[in-house]
Amino acid sequence: MAEASAATPALSAPPSPAAGAPSQLDELMLAMDVVDTLRHQDLLVSRELDETRRDAELIERLRRIYHDQGIDVPDRVLQEGVNALKESRFVYTPPKPGLATNLATLWVARRRIGRGLLAALAAIVLGAGFYYVGVVRPEQQRVEQARAAAEQERIDLAERLPRALQEAYADAMAAAQVDEARQRADQLLADGRSALTKGDRPAVAQAIEQLETLRAELRREYTLRIVSRPGEPSGVWRVPGRNPAARNYYLIVEPVAPDGRVLSLPITSEEDRETRTVSRWGVRVSEQAFNAVRADKNDDGIVQRNKVGEKKSGALAIDYSLPVLGGNILRW
């Protein structure tokens with residue numbers, strides 16, 4: 001086996017296509033260095049020499065420079081560097097401005113520009129959001145509320161208030177049993193219609209409320225009785241401030257409904273013009289009527305003839321059975 005192996009001729013590997021690539025790359029880099037040296041050594045270029053002598057002079061000087069640095073550069077590399085310098089082979093020439101150049105610049109800087117655009121977009125979105133929440137939306141709500149209020153007012157004046165006014169008037173007229181009540185209802189209806197024509201909602205609402213109050217007053221019925229309970233006065237007298245020599249006499253009364261309930265009514269005092277809703281008040285009567293009630297109570301401690309007047313359903317005024325002088329008090 002050894003002899004056969006020794007007799008076999010040795011096979012050499014075929015040369016690699018890239019075997020000369022490192023040498024060519026080194027020479028290219030060296031030529032670029034030569035060009036760079038020529039650019040930084042302005043004294044190497046003699047303007048007075050002709051081109052052939054200048055090239056020879058440049059090559060000689062370059063040979064000495066690299067020799068002093070301990071670098072052995074072939075003449076063909078030096079000549080290649082000189083030729084490259086003259087041809088501006090390794091000089092970067094910026095492209096002319098244009099659409100393609102601008103697009104290429106944008107593509108190179110796409111990340112930086114993208115981050116800037118993203119930040120600007122985020123700021124715009126946030127600003128728009130704050131502006132919408134703080135300015136646009138409140139204004140929209142204000143406009144919507146104003147529109148809704150205007151629409152509600154239109155509906156009130158065109159439909160709801162006229163209907164409510166007519167209904168309140170009909171109820172008041174149904175409860176009225178006297179001409180005075182009917183005339184009062186007619187006047188309130190006229191006031192309400194006039195307010196509707198002017199578009200005055202508060203005035204229309206006031207007319208409706210007054211008609212409803214009139215209806216309630218007409219439907220109310222009670223007997224006005226003198227208070228006759230132990231520990232409570234049935235009558236009092238006052239000395240008027242304008243006439244100290246005179247006396248005003250009052251019977252203390254309360255309105256009692258047919259079912260026995262004591263009602264509370266709005267009463268105005270003649271002393272200070274104050275109006276309050278009360279269940280008892282003093283009615284001014286003559287001295288003779290006052291003395292008659294006092295004698296009735298002194299007899300057995302109870303006022304037997306305790307009826308002062310009666311308010312009937314459908315009427316506005318009280319039908320008094322005792323002579324009253326048209327004045328009331330709320331305190332005694």
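## Close-up views of strands, charges and a loop

**Thr 223 has Val 256 of strand 3 as its bridge partner.** The structure is a predicted model, in which local features need pLDDT of at least 70 and side-chain atom pairs count only at pLDDT 80 or more, while totals for chains, interfaces and linings use all residues. Residues are numbered from 1 along each chain as its sequence is written, and side-chain values use heavy atoms, with hydrogens and water left out. Strand 1 (residues 222-226) pairs with strand 3 in the antiparallel sense, over 4 bridges. Strands (E, at least two residues) and helices (H or I, at least four residues) are DSSP runs, numbered from the N terminus. Two strands pair if DSSP finds at least two bridges between them.

**Strand 3 (residues 248-256) is mostly covered, with 9 of its 9 residues buried.** Buried means under 20% relative accessible area, exposed means over 50%, and partly exposed lies in between (1.4 Å probe, protein chains only). One side of the strand carries Asn 248, Tyr 250, Ile 252, Glu 254 and Val 256, and the other Tyr 249, Leu 251, Val 253 and Pro 255; all are buried, so both faces are covered.

**Strand 6 (residues 281-285) runs antiparallel to strand 3, joined by 5 bridges.** Leu 251 has Val 283 of strand 6 as its bridge partner, and Ile 252 stands opposite Gly 282.

Val 285 has Val 324 of strand 9 opposite.

**Arg 63 and Asp 75 form a salt bridge, with their closest N and O atoms 2.8 Å apart.** The pair links distant parts of the chain: Arg 63 belongs to helix 3 (residues 51-68) and Asp 75 to helix 4 (residues 75-87), 12 residues apart. A salt bridge is a side-chain nitrogen of Lys or Arg within 4 Å of a carboxyl oxygen of Asp or Glu. By this rule, the structure has 21 salt bridges. Arg 63 counts as partly exposed because its relative accessibility is 31%, and Asp 75 counts as partly exposed because its value is 42%. Side chains of opposite charge can pair when their charged atoms come close.

**Glu 310 and Lys 307 meet through their side chains in a salt bridge (3.4 Å, N to O).** Glu 310 has a relative accessible area of 30% and is therefore partly exposed. Lys 307, at 41%, is likewise partly exposed. Elsewhere, salt bridges that share partners join Glu 60, Arg 63, Arg 64 and Asp 75 into one network.

**Asp 272 forms a salt bridge with Arg 331, the closest N and O atoms lying 3.4 Å apart.** This pair, too, links distant parts of the chain, 59 residues apart: Asp 272 sits in the loop between strand 4 (265-268) and strand 5 (275-278), and Arg 331 in the segment after strand 9 (324-329). Asp 272 is partly exposed because its relative accessible area is 40%. Arg 331 is partly exposed as well, with a relative accessible area of 46%.

**Arg 273 has a positive phi of about 60 degrees, although it is not a glycine.** Most residues other than glycine have a negative phi. Arg 273 is placed in the loop between strand 4 and strand 5. Its relative accessibility is 60%, so Arg 273 counts as exposed.

**Arg 110, Arg 111, Arg 112 and Arg 115 gather in a patch of positive charge on the surface.** Arg 112 lies in helix 6 (residues 110-175). With 56% relative accessibility, Arg 112 counts as exposed. A patch is made of residues with over 30% relative accessible area and no salt bridge, like charges being joined within 9 Å and nonpolar side chains (Val, Leu, Ile, Met, Phe, Trp, Tyr) within 5 Å. Lys and Arg count as positive and Asp and Glu as negative, without His and the chain ends; the place of an Arg charge is taken as CZ. Accessible areas come from the Shrake-Rupley method with a 1.4 Å probe, and for residues only the protein chains shown count as cover.
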